[in-house]
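Student: I am new to this structure and would like a close look at one part of it. Could you take me through the salt bridges, and show me what surrounds them?

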There are 2 protein chains.
Amino acid sequence: MFTPRTPRIVAARRLQRRRDRDQAGRFLAEGPQAVREALAAGVVLELFGTPAGLDRHAELTAQAPEVSPVTEEALEALAETVSPQGLVALCEQVNVPIAEALAKSPKLVAVVAEIRDPGNAGTILRTADAAGAGAVIFAGDAVDPYNGKCVRASAGSLFHVDVVRAPLDVLDLLQDSGLQVLATSGTGSDDVDSLLDGGLLSAPTAWLFGSEAHGLSDGLLQKADRRVRVPIYGGAESLNLAAAAAVCLYASARAQR
Amino acid sequence: MFTPRTPRIVAARRLQRRRDRDQAGRFLAEGPQAVREALAAGVVLELFGTPAGLDRHAELTAQAPEVSPVTEEALEALAETVSPQGLVALCEQVNVPIAEALAKSPKLVAVVAEIRDPGNAGTILRTADAAGAGAVIFAGDAVDPYNGKCVRASAGSLFHVDVVRAPLDVLDLLQDSGLQVLATSGTGSDDVDSLLDGGLLSAPTAWLFGSEAHGLSDGLLQKADRRVRVPIYGGAESLNLAAAAAVCLYASARAQR
């Protein structure tokens, strides 16, 4: 049984750091829900589990290409949460090249541009998936989609949509593939409800979301087809980033039903 | 200058605990944005600040009924975040009795029923405010709205809408005051887009949101006028609670424009 000092556990544990994830092209998914989705997506290389965890989730264990029983201490070393329920999967990253993702002509795309908070990025990934998006593009200096907190916040959606990593300057590619690019901004001249009323959201759309601290850069705002705000009807100055993304993505989903 | 051992600092620091907040009917708001909103709402009793913080935010200092310069160490003791920018305000709680809130005939109300995560509750408070809600009801064993993390996630909205604390069984009161009660549920028989299409969301509405872990109880679901789901168009099993709340509250805001 693997212990925290077994070389394969030591190597897997390094994947908690971004540099090591980038180099290896691998990451860790913990807990039965994430493991189930990773198995369904065919990206699990090895399933680590305590004997109790492997036994409790025998249907998952049966699907894994390689199963390695580990001690409680080894599992704790691999996991970032306190209760991963005895399972952590070593997975291959599922990055899709942007040209490949756009060749599928997705009707709805979310671009997280320089978003640094893994919880926000993961929540947007989950919401984009729920709204029917085909791809989520992590653009520029955005958080690593394989950050543990992002993986957990995505609640499996990391494995459902095309996850793309791209430089910040992707607008030409998006526009060339027939997507209208809508950049979110608290001071945008269009509001999302008016666009919906005007029938403008039924066209294939890429939504751009910037960091909660700084929003989108002037360059990206100018290059987008429209600058769109979520209307504020009460006293709040603005919406939380993930909430604003939910309103925008679901307005598109509503128009594209 | 107050130090961490000055009795008023020791007493204020106790407000980081719910029991002490409940007993005192007071709470702490940290950082210039929250302090500004608390001052505008007239609930600040005393403003604690480092000399540099008070100086940097002289326009806020000028409005506070009482200003107490404190050492860096005292400010650190009061603050829960690493950078409150030198300011923490001692505030009176702003609970509004439910009868008073409903007597104003709000067209939109959010009920957070037994929601335990302060970040989720604060984000829903902020989103409800942005969508034009008049009241947010913390029902049953929900998180304390004056929890520091909830106050921060609300981004000032705690001071904009009527914050009501009520037992879980508030549906009769809501319905008697003319609000239709829509209970959110992943398996609800109505979907929010169909209600919007059917013109059903223009009526005065109270949205019920349950805990992310357990949702709403069967009793609340049955007693509500409708059980409503946010449609899922992709592979995600569900939405994050705050994202689902954003979609529902903004669907109402759209209908009630």
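Tutor: Happy to! A nonpolar core is a set of buried Ala, Val, Leu, Ile, Met, Phe, Trp, Tyr and Cys residues joined through side-chain atoms within 4.5 Å. Please keep in mind that this is a predicted model. In the largest nonpolar core, which has 119 residues, A:F138, A:W207, A:F209, B:F138, B:W207 and B:F209 touch the most other members. A:F209 has contacts with residues including A:V111, A:I124, A:L216, A:L241 and A:L249.

Now to the charged pairs you asked about. Side chains of opposite charge can pair when their charged atoms come close. Over all chains, the count comes to 40 salt bridges.

Start with A:E46 and A:R8, whose closest N and O atoms are 2.6 Å apart in a salt bridge. A:E46 sits in strand β2 (residues 44–49) of chain A and A:R8 in helix α1 (residues 7–13) of chain A, so this pair ties together parts that are 38 residues apart in sequence. A:E46 counts as buried because its relative accessibility is 5%, whereas A:R8 is partly exposed at 39%.

Next, look at A:R165, which forms a salt bridge with A:D22, the closest N and O atoms being 3.3 Å apart. Here strand β7 (residues 162–166) of chain A holds A:R165 and helix α2 (residues 18–24) of chain A holds A:D22, so distant parts of the chain, 143 residues apart, are linked. A:R165 is partly exposed, with a relative accessible area of 28%, and A:D22 is partly exposed, with 39%. This pair also belongs to a network of salt bridges that links A:R18, A:R21, A:D22, A:D144 and A:R165.

Another pair is A:R229 and A:D191, whose side chains meet in a salt bridge (3.9 Å, N to O). A:R229 is partly exposed, with a relative accessible area of 28%, while A:D191 is buried, with 12%.

Finally, turn to where the two chains meet. Between chain A and chain B the count is eight salt bridges. One of them joins A:R126 to B:E212, with the closest N and O atoms 3.7 Å apart. On the side of chain A that touches chain B, α3 (32–40), α8 (118–130), α11 (192–197) and α13 (241–256) of chain A each supply at least two residues, and α13(A) gives the most, with six residues. By class, that side has 14 nonpolar, 11 polar and nine charged residues. Altogether, 34 residues of chain A are in contact with 33 residues of chain B, and the chains bury about 2,600 Å² between them, 54% of it on carbon and sulfur atoms.

How values were computed:
Residues are numbered from 1 along each chain as its sequence is written. Chains are lettered from A and ligands numbered from 1 in the order in which they are written. This is a predicted model: local features need pLDDT of at least 70, side-chain atom pairs count only at pLDDT 80 or more; totals for chains, interfaces and linings use all residues. Side-chain values use heavy atoms; hydrogens and water are left out. Contact means heavy atoms within 4.5 Å. Buried area is the accessible area (1.4 Å probe) that two parts lose on being put together, summed over both. A salt bridge is a side-chain nitrogen of Lys or Arg within 4 Å of a carboxyl oxygen of Asp or Glu. Helices (H or I, at least four residues) and strands (E, at least two) are DSSP runs, numbered from the N terminus. Ala, Val, Leu, Ile, Met, Phe, Trp, Tyr, Cys and Pro count as nonpolar, Asp, Glu, Lys and Arg as charged, and the others, Gly among them, as polar. Buried means under 20% relative accessible area, exposed over 50%, partly exposed in between (1.4 Å probe, protein chains only). Lists of a residue's contacts leave out its neighbours within four places in sequence.
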